Amino acid sequence: MKVLVAVKRVIDYNVKVRVKPDNTGVDLANVKMAMNPFCEIAVEEAVRLKEKGVASEIVVVSIGPKAAQEQIRTALALGADRGIHIETDEEVQSLEAAKLLKAVVEKEEPKLVILGKQSIDSDNNQTGQMLAALTGMGQGTFASEVVVDGDKVNVTREVDGGLMTVALNLPAVVTTDLRLNEPRYASLPNIMKAKKKPLDSVSPADLGVDVAARLSTLKVEAPAARQAGIKVADVAELVDKLKNEAKVI
Amino acid sequence: MSILVIAEHDNSSLKQATLNVVAAAKAIGGDIDVLVAGENVGAVAEAAAKAEGVNKVLVADNAAYGHFLAENLSELVAEVGKGYSHILTSAGTTGKDFMPRVAALLDVAQVSDIIRVESEDTFVRPIYAGNAIATVKANDSIKVVTVRPTGFDPVAAEGGSASASVEQLDVVKDAGLSSFVGEEKAQSDRPDLASAGIVISGGRGMQNGDNFKMLEQVADLMGAAVGASRAAVDAGFVPNDMQVGQTGKIVAPQLYVAVGISGAIQHLAGMSDSKVIVAINKDEEAPIFQVADYGLVADLFEAVPQLEEELKKVL
Ligand SMILES: Cc1cc2nc3c(=O)[nH]c(=O)nc-3n(C[C@H](O)[C@H](O)[C@H](O)COP(=O)(O)OP(=O)(O)OC[C@H]3O[C@@H](n4cnc5c(N)ncnc54)[C@H](O)[C@@H]3O)c2cc1C
């Protein structure tokens, strides 16, 4: 079966985020960018399905500027077979991303679509669910285990009280949580090979999708800083402070 | 303006988070109806009707909603919600699952995880793991919003004024796309992590799951919930639902005690709004000390038992 994986280019998770002085957004000039960590897990899961003989082909898709091709190449180096780049310099929000992905789903007809549960920039946690709704598919969100079984997929989900398993008809959408797997690193030979794998580029207009934003960001600010605290000498002092100064116990 | 709040519950009791969401709805202003969807939810509906500020409770009681499957719930909410100006629910894992589906079915954007209401269409929400705070304006006719419970003080569970009316809906939506297979719910007599007044969390420094018993003993003395860092969960010390952070639970207790946790930004994203933060860590350079009100540089295997003894003296 064919598996479609969506990946996003975001600020590297180790980078200290800085708000721009004019409060229009976060400073992304000259910062290290990388594949969203949850998307890496999505790619890894697809590759494992292929290694198990469950998946026959892995198509990776990314929406973003020209540079997002780097993240597609990374996914190709990890084991995806071909890439689709939906090129745009606009900020694409979740609903519009889902519409673009829907257009790709209609063309590619994958049996399974795997996405990260959220991207660590906007922290929205929406696109997979929206894609599932628009394509009329079932969804297994925040997955910690994915088992394909004939024309169904069983997804174990990380939920507030523990774990919950659902069975979904295929085709279905899965969004990944952190414990689904531990992504591998790409080897140098695979990085070289990835350069020759096919990568198509299309525009939102080619796909007939209007990507105009529905949410406008009025301002972006740094969070209120916490006041610096003190070091206590020992546990007795700690308990005294908690009881008599902070009055929280 | 009319606001539909989707109640968070477990079919038997209303989750406190719903009261926080009603508070967010009050901040927007307008009539507030609450939709209780589930199976055998009579008691939940009654509780919702008593909450302060609720105008009417709508009940969709059917096996199709018993496990809160997003495919079914979203069709229901989209149909009931299309007559409202706002649809709100808590940003717990249930709300995060079904709400974007609702937004897509209505062809509107969703505003996730708001912590403040500026006006009927403008909301404040953290982005980049809380390293930036965005003010966003929703331009669609229906505002679909998930609410971070810790951002809003809950309304009173019992409003005092006349109880809201309860109306049964006979809308049954079974999308036939998904089914419930099973669940593993962590059992605990301790307070709920997300709403506890005191939280004590352990990290990789705890070394194994058995050592969490030390934290549990301290927690029981203080009436606290026990949490964990991702590293502790990944290492299998404790179950996933104890994870605090960007991708785990967001907590804002009166007191948060971080034990053997370094203080990675993804962890801080889940607890830095706590009123008082205590860090116990043997590395004095650990970033957790930058957000701690009280820092103790010590080996946790000495400090935690001492803490238990000292607390016994004063509590
Ligand atoms: C996309 C993404 C999402 C993430 N989401 C989350 C999340 O939601 N929540 C989360 O917590 N993390 C999250 N993380 C992981 C995060 O980056 C850190 O790796 C994690 O928080 C580290 O956990 P830790 O502090 O327990 O472990 P470590 O960083 O290994 O720290 C252990 C600490 O214990 C101290 N210690 C060790 N032994 C002792 C002792 N005997 N006495 C006292 N102190 C001791 C050490 O000095 C050290 O500071 C996420 C990461 C990514 C990439």
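Tutor: A patch is built from residues with over 30% relative accessible area and no salt bridge; like charges are joined within 9 Å, and nonpolar side chains (Val, Leu, Ile, Met, Phe, Trp, Tyr) within 5 Å. Accessible areas come from the Shrake-Rupley method with a 1.4 Å probe, and for residues only the protein chains shown count as cover. A salt bridge is a side-chain nitrogen of Lys or Arg within 4 Å of a carboxyl oxygen of Asp or Glu. This is a predicted model, in which local features need pLDDT of at least 70 and side-chain atom pairs count only at pLDDT 80 or more, while totals for chains, interfaces and linings use all residues. Residues are numbered from 1 along each chain as its sequence is written, chains are lettered from A and ligands numbered from 1 in the order in which they are written, and side-chain values use heavy atoms, with hydrogens and water left out.

Student: Which residues make the nonpolar surface patch of about 280 Å²?

Tutor: A:L188, A:I191 and A:M192 make this patch. A:L188 belongs to helix α5 (residues 188-194) of chain A. Helices (H or I, at least four residues) and strands (E, at least two) are DSSP runs, numbered from the N terminus.

Student: Why does A:L188 count as exposed?

Tutor: Buried means under 20% relative accessible area, exposed over 50%, and partly exposed in between (1.4 Å probe, protein chains only). A:L188 has 60% relative accessibility, so A:L188 counts as exposed.

Student: What makes the contact of A:D121 with A:K8 a salt bridge?

Tutor: The closest N and O atoms of A:D121 and A:K8 are 3.1 Å apart, and the limit is 4 Å. A:D121 sits in the loop between β6 (112-116) and α4 (127-135) of chain A, and A:K8 in the loop between β1 (2-7) and β2 (9-11), so the pair ties together parts that are 113 residues apart in sequence.

Student: Are these two residues buried or exposed?

Tutor: A:D121 has a relative accessible area of 11% and is therefore buried. A:K8, at 29%, is partly exposed.

Student: How far apart along the helix are A:K102 and A:E106?

Tutor: They are four residues apart in helix α3 (residues 94-108) of chain A, so about one helical turn separates them. B:E118, at 44% relative accessibility, is partly exposed, and B:R116, at 41%, is partly exposed.

Student: Why are α4(A) and α4(B) called oblique to each other?

Tutor: Axes are lines fitted to C-alpha atoms, for helices over the stretch in contact, and angles run from 0 to 180 degrees between N-to-C directions. Angles under 35 degrees count as roughly parallel, over 145 as roughly antiparallel, 65 to 115 as roughly perpendicular, and the rest as oblique. The two axes come within 8 Å and cross at roughly 50°, and the helices are therefore oblique.

Student: Which hand does the crossing of α4(A) and α4(B) have?

Tutor: The crossing is right-handed. A crossing is left-handed if the near helix is turned anticlockwise from the far one by less than a right angle, and right-handed if clockwise.
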